[in-house]
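This briefing is meant for a reader who is meeting the structure for the first time. Please look over the sequence and the model before reading on.

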Amino acid sequence: MMIAWQTINGVKVAELPDRVDANSSKAVEEQLMAALDEGTKALVCDLAKTAYVSSAGLRVFVAVLKRVNKEQSRLALCGLQPVVAEVMEMTGFVPLFAILP
């Protein structure tokens, strides 16, 4: 499961897969953490194509957020589909993340 990457104005943008679940979460986390290992200071996770996020996927976002906060970097989520946005709201994660349109 490969993430498609772009760099826009110095911000690394990760286009996440259609599902971030138990099957894909490990690969997604490894790739996001690798970007941080390379010195990325601003990371956006584009979820425009992501229709489903499981609890394993939510754990990935929290792990990346903890790392970003520790390193004084920035993380934002964008393009949340309605179902994914609802999961984020129901779990109380919305206030934890910068969420962009």
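The points below go through the sheet, the helices and the aromatic rings in turn. The model is predicted, and its strands form an open sheet of five in the order 1-2-4-6-7, with mixed pairing. Helix 2 packs on this sheet, where it touches strand 4 and strand 6, and its axis also comes within 9 Å of the axis of helix 1.

**The sheet**

- The edges of the sheet are formed by strand 1 (4-8) and strand 7 (98-100), each of which pairs on one side only.
- Neighbouring strands of the sheet are turned by 25° against each other on average, with direction ignored.
- Strand 1 and strand 2 (residues 11-15) are antiparallel and are paired over five bridges, and within this pairing Trp-5 stands opposite Ala-14 of strand 2.
- The hairpin made by strand 1 and strand 2 has two residues between the strands, and Asn-9 in this hairpin takes a positive phi near 50°.
- Strand 2 is also joined to strand 4, in this case by four bridges and in the parallel sense, with Ala-14 standing opposite Cys-45 of strand 4.
- Strand 4 (residues 42-46) and strand 6 (residues 74-78) run parallel and are joined by five bridges, and the bridge partner of Asp-46 in strand 6 is Cys-78.
- The direction of helix 2, which packs on the sheet, makes about 150° with the direction of strand 6.

**The two packed helices**

- The axes of helix 1 (residues 25-37) and helix 2 (residues 55-70) cross at roughly 15°, and the two helices are therefore roughly parallel to each other.
- The crossing of helix 1 and helix 2 is right-handed.
- On the side of helix 1, the residues that meet helix 2 include Val-28, Leu-32, Met-33 and Leu-36, while those of helix 2 include Val-60, Ala-63, Val-64 and Val-68.
- Taken by kind, the residues in the contact of helix 1 with helix 2 divide into nine nonpolar, two polar and four charged.

**Aromatic rings**

- The count of aromatic pairs in the model comes to two.
- One of them joins Phe-61 and Phe-97, whose ring centres are 6.5 Å apart and whose planes stand at 80°, so this pair is edge-to-face.
- Because Phe-61 lies in helix 2 and Phe-97 in the loop between helix 3 (82-90) and strand 7, the pair ties together parts that are 36 residues apart in sequence.

Key. Residues numbered from 1 in each chain as written. Predicted model: local features only at pLDDT ≥ 70, side-chain atom pairs only at ≥ 80, totals over all residues. Heavy atoms only, no water. Axes fitted to C-alpha atoms, helices over the stretch in contact; angles between N-to-C directions. Parallel < 35°, antiparallel > 145°, perpendicular 65-115°, else oblique. Left-handed = near helix turned anticlockwise from the far one by under 90°. Contact = heavy atoms within 4.5 Å. Nonpolar A, V, L, I, M, F, W, Y, C, P; charged D, E, K, R; others polar. Pairing = 2+ DSSP bridges. Phe/Tyr/Trp six-rings, centres within 6.5 Å; stacked < 30°, edge-to-face > 60°.
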